[in-house]
Each structure stands twice: as structure tokens, then as C-alpha cells.
Amino acid sequence: NLTMIQPLFKNLKADKNTDIIWMLQDPVDENRLGLNRSMITNRQIDQYNKVAIDLLDESQAKVWSSSRLVAQGIRQPAKNIADDGLHISKPALQLDVQILLNMYCNDHMNYNDGTCCRSPEAATTVQIITAAFFLVCFVSAIALFVYKRRLPRNGIKPRTENGNKNGAPKEPYEALYEVTVSLAKLGMIMGYVYLCDRTNFFMKENKYYTHVNFFLPFAYVMILGFFFTESTEQTVVLHRDQTDEWKGWMQLVILIYHLTGASKVLPIYMQIRVLVSSYLFLTGFGHFSFFWKKGEYSLYRCSMLGGCLNWQSRQNTFRIMLEVLFRLNFLVIVLCFVMNRPYQFYYFVPLVSYWFLVVYVTMAIWPHVTAASTEAGKVHYFYMVAKFVILITLIALFYMSESVVYGMVFGFVYELAKKYKFIDDSNNENLFSRIFSSFVVFLGLLGLGSYVIFTFLCKNKVECNQFHSYLTIVPIVSFILIRNVPGWLRTKYSSFFAWFGKISLELFISQYHIWLAADTHGVLVLIPSYPVLNVIITSFIFICISHEISKITGALTKHAIPSEWKALLRNFIIFCLILLPVCISHGVLSI
């Protein structure tokens, strides 16, 4: 009979929206079967099922074998079903129905679940074109590599900058080789990213929070970081080694938070919000300090004394602004193409990019206020205060986060304190006298403790978030005081955390698809049934890829933001043309 109906499956399957399911027969309880059913045995049922599997294996029908496993696992019949040994129990029947509903509904439902059984997303035209582009880069990189290796063997040398008849100019060739190889490496990485989170090749599992799952890796990472404590020659407040360290341990804590699903615990959730606010604070502080010291915002400016600062100068902050924006957004834009997600999906990068532009515009608009301008006239301090007042007013009106402005104001106060000798961080001594330094550190500990108490007292996320923007400055400044007022602590840092801090952006973005899974709703599984070993292996791959992406971004930045403004204009036009299909596909633009 199965042989006779097998050809009919092909006709039914002509409709692509039709799924044909062949359900294997469930086992029976032979001891409870009546006399009129005594000929039914599990051995006979197994034989029938084997025939069905063999005949239908290569047909248009899907053999549903999990229902039989359900019946075997749930043998106790429900009270409202006759205990005849033939029918499956009600719980087993309900589970079978749920499996069928999942098969039919999951592709159409937006479940925030890492293990949700659904079909992989179909590749879009943009994704196919992106894959073809990376494939061309990969083949080109191999060809250029072979060509480069063959040059010395053939006695051919690339031309110098002035060129000669034996080869091509050296600089264009080297630039082409670096760009092509970088894009080829990026293409291989994106292939792995796509394989992990846009196919069913690897398994996913849901996050499972327990206090042990969160605090055990947290304690391990903190202890490991302390073992790499080193001295630094930098003594200023929030120097580069210290800020890299701060970003590094914060990023590791955020990764543990995401992996374990700790957002369900309100105090931990609020502490992580402080860490995110700290990133914004450092954005405001770092960029304000840079513009304050080296502010030059025009493309080309000549001073009254005849000295010129042009586009090619590294001190031109407009060029630096473009470089920063490129570094921040490059990986995210590539992922938008590869993973078919909108720009806002990677929320942290749009957030940081926006606030960086706010800092730049605030400092760039007239009147320009810098350290040099304040030397010429004290009124420039008033101009800076006026800018802060206007900025804070706008932020309050539009209900935006104050964290970046806190960083800018802190940077301004810090520069004033240094200028007028309230603090001296040019050595490894305490910032204040011994007694006053101890008092300031005590205030810092009090501030941290107060915020922790607040996170336990507030009742829900909505209530906590209403106060967070105004209170977050307390734990941030408290930490800075504790970390910087004692000279011995200010000149120490963890190289372990600092290393991670240098790639914190890549770690934050890459975790979406190659450490977590299902767009952060689940966890990637490379080795099933061994969770600890799986985390170790996925973490190693994830960190290596993040580090490599950081190097690739750095290599491509100097080519994307060239020293010649004409080349930059060309790159900008190309960039807009590349973004056009993404904007159209996501409804930003319509044709």
C-alpha cells in the first residue's frame, strides 16, 4: 500500500506550501491490550515502521519519528483516556500537537527563544551579492599573494615610488594587496558568522540563569585579571592604560551577563546599566579632552602668522571624526549586509556614534573653546559653560541620557583643576594630602555602596530606570575617585583587562552571532552535552575573531579615510552607493 501511494506524494508536494508528514506508529502496552487486540505487538509495529522509513526516506514525505519517542517517554495514561494499552496518554498527545503547531507556526512567530525550531531565513538578494563580493575578494587575494611570491623568483621587483618599466608602482600595489587581503579575511569571518546564526548547522540552546552560573565566571575573570597587574608610566587621571582596563573588565562582565541571562535579576540588571553608562561617560570624557587640547575643526585653515593646518594633518579633527565614525560603524554595517538586520539592531554602535557626534558638534560650533583659546581670554570658560547649559537643556527636553554630558563636564572640571593647581597628577603621588585623600576614597566607597542599596530597594525595572539617568553619575565618579586619588593605585593597571579593552567594541558586536546565537536570544552550541567545554571553545574562537576584526578595521581605516580630500570624496560616493540597496531593502528609501 505504501508503494502504491508513494507517487501521490510528489503530486501533493507540487504546492510548495504543503508539508507531508508520515507519523510513525506509537508503541502499545501489550499487557493491557484486550483479547481482540492481542495480535498487535510492538515487534510487529517496529516492522511496519521500518518499512515506512525505508520506503519514504527518499520520497516527498517527512517521517515524523519524535512522536514515537514521546509515547515511549510518557507511558502513564491520563485519567480521562481509557487504559486500554492502545492509545497514548493525554500529556503525550498534547506534546505531539505542540510539535505540529511549532512546525507550522514558528516560522511566522517572533519568538525570543534560542532553541525555537524554525526554518533558516532565506538569503536575500543583498546577502547573495555580498557573498559574491567577498568571494571575489578571496580569489583576488589568493591571486595577489601568488603574484607577490613569484616576483622575487622571477627577478622582478615592483617599481619604487618613481616607478620603472619592470613593474607596477609599489604604493598602489601594496595598498591594493592590503585592502584585498583584509577584505578576504573579513569575508571568511563573515562566512563563519552566517553559518553560526543564519543556518541550522550548529545547535543553539537557551540561557539559564543561576547565581552560580553568573558569579562563578565573574569571580574567575576578576581573579585572573588581578594576576596581570602591572605598573604603568602614565600618571594622569584616567590615562589610556586605565581606561582600556576599565573598558576591558566591563566588557567581560557584560559578556557573562548576556551569556547567563542575568537580566532577570534586577540588581544585576541595574549594575550592568551603570557599566553601559560608563562607556558613554568615557566617550564624553575622552573626546572632550582630545578636542579641548587639539581642537581644529576646519578642512583647511591658515593662521594669521602664515602657518597652515590642512586636511592631511593628523591634528585636523574633522578627519579624526571620520576615522572614529568609520572604526565604530564598519563592522556593524558589514553585519547589516551579511545578517540582514537593520542598523538599529546593533543598538550600542548607533548610540555611541550619535553621542560622539554630539560631542564633536558641541565643541565645533562657534565659539570654538580649547585649552589654547582660554589662554587668550578667560571669557572662553564662560562660553564653554554656556555650551554645557544649552546641551543639558536640549537633553532634558528630549529625555535623552545624560551620561555623555557627565563625562564632558567631568573632563572640563578636571582640566580646570589641573590648570589652577588644585590637583597634580604629573607624578605617582596622591592627588591630595594623605588625610584628605583617605576622606575622598571613603566618599567614593560610600557612593558605590549607596547605589548598590538603591538597586535592591527599587521595585521594578520601570521604577529603577526612571532614576537611573540621574543617579548613574554617583557610582561612576565614585569609582573614578577610588581608582585615581591614591597614587599607588592610579599607576597600576591590569594588562589582561586592558588587552580586552582594546577590542571591547568588536567583542560587544561579535557576541550577537558567534558567541550567543539566535540574535542574542540563545547560546551557540558547537559541542553538545558538554556546556563548560563548549563555552571554552566558543569563547576562544569568539575572542580570536574579535581581535582579527579589530586589526582588519584598523588596516582598512587608513584607506577608507585617505589623506587626499578628493580620494575621500570618491570613497564617500562609493559608500553611499553601497548603502543604497540596504536602505531600500529595509524600507528607509522607496523606489
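In E9, which residue is the bridge partner of Ala517?

Analyst: The bridge partner of Ala517 in E9 is Gly522. This is a predicted model, in which local features need pLDDT of at least 70 and side-chain atom pairs count only at pLDDT 80 or more, while totals for chains, interfaces and linings use all residues. Residues are numbered from 1 along each chain as its sequence is written, and side-chain values use heavy atoms, with hydrogens and water left out.

Strand E9 covers residues 522-525 and runs antiparallel to E8, to which 2 bridges join it. Two strands pair if DSSP finds at least two bridges between them. Strands (E, at least two residues) and helices (H or I, at least four) are DSSP runs, numbered from the N terminus. The open sheet here has 3 strands in the order E3-E9-E8, with antiparallel pairing. Strand E3 (203-206) and strand E8 (516-517) are the edges, each pairing on one side only. Strands of a sheet pair through backbone hydrogen bonds, either parallel or antiparallel.

Next comes the nonpolar core. The term stands for a set of buried Ala, Val, Leu, Ile, Met, Phe, Trp, Tyr and Cys residues joined through side-chain atoms within 4.5 Å. Buried means under 20% relative accessible area, exposed over 50%, and partly exposed in between, with a 1.4 Å probe and protein chains only. The largest core has 118 residues, of which Met190 and Ile509 touch the most other members. Helix H9 (residues 266-294) gives the most to this core, with 16 residues. Contact means heavy atoms within 4.5 Å. Beyond its neighbours within four places in sequence, Met190 is in contact with Phe134, Leu331, Val334, Leu335 and Val338. A separate core of 6 residues includes Leu144, Tyr173, Val181 and Ala184.

Rings of Phe, Tyr and Trp (its six-membered ring) pair if their centres lie within 6.5 Å; planes under 30 degrees apart count as stacked, over 60 as edge-to-face, and the rest as tilted. The whole structure has 38 such pairs. Phe285 and Phe410 make a tilted one, 5.9 Å centre to centre with 55° between the planes. Phe285 is in helix H9 and Phe410 in helix H14 (residues 403-419), so this pair ties together parts 125 residues apart in sequence. Phe285 is buried at 6% relative accessible area, and Phe410 is buried at 19%.

Phe454 and Phe467 are an edge-to-face pair, because their planes are at 80°, with ring centres 6.4 Å apart. Phe454 belongs to helix H15 (residues 434-457) and Phe467 to helix H16 (residues 461-471), 13 residues apart. Phe454 counts as buried at 16% relative accessibility, whereas Phe467 counts as partly exposed at 41%.

A disulfide is a pair of cysteine sulfur atoms within 2.5 Å. The structure holds 1, and it joins Cys458 to Cys464 with an S to S distance of 1.8 Å. The torsion about its S-S bond is about 85°, so the disulfide is right-handed. Cys458 is buried at 7% relative accessibility, and Cys464 is buried at 0%.
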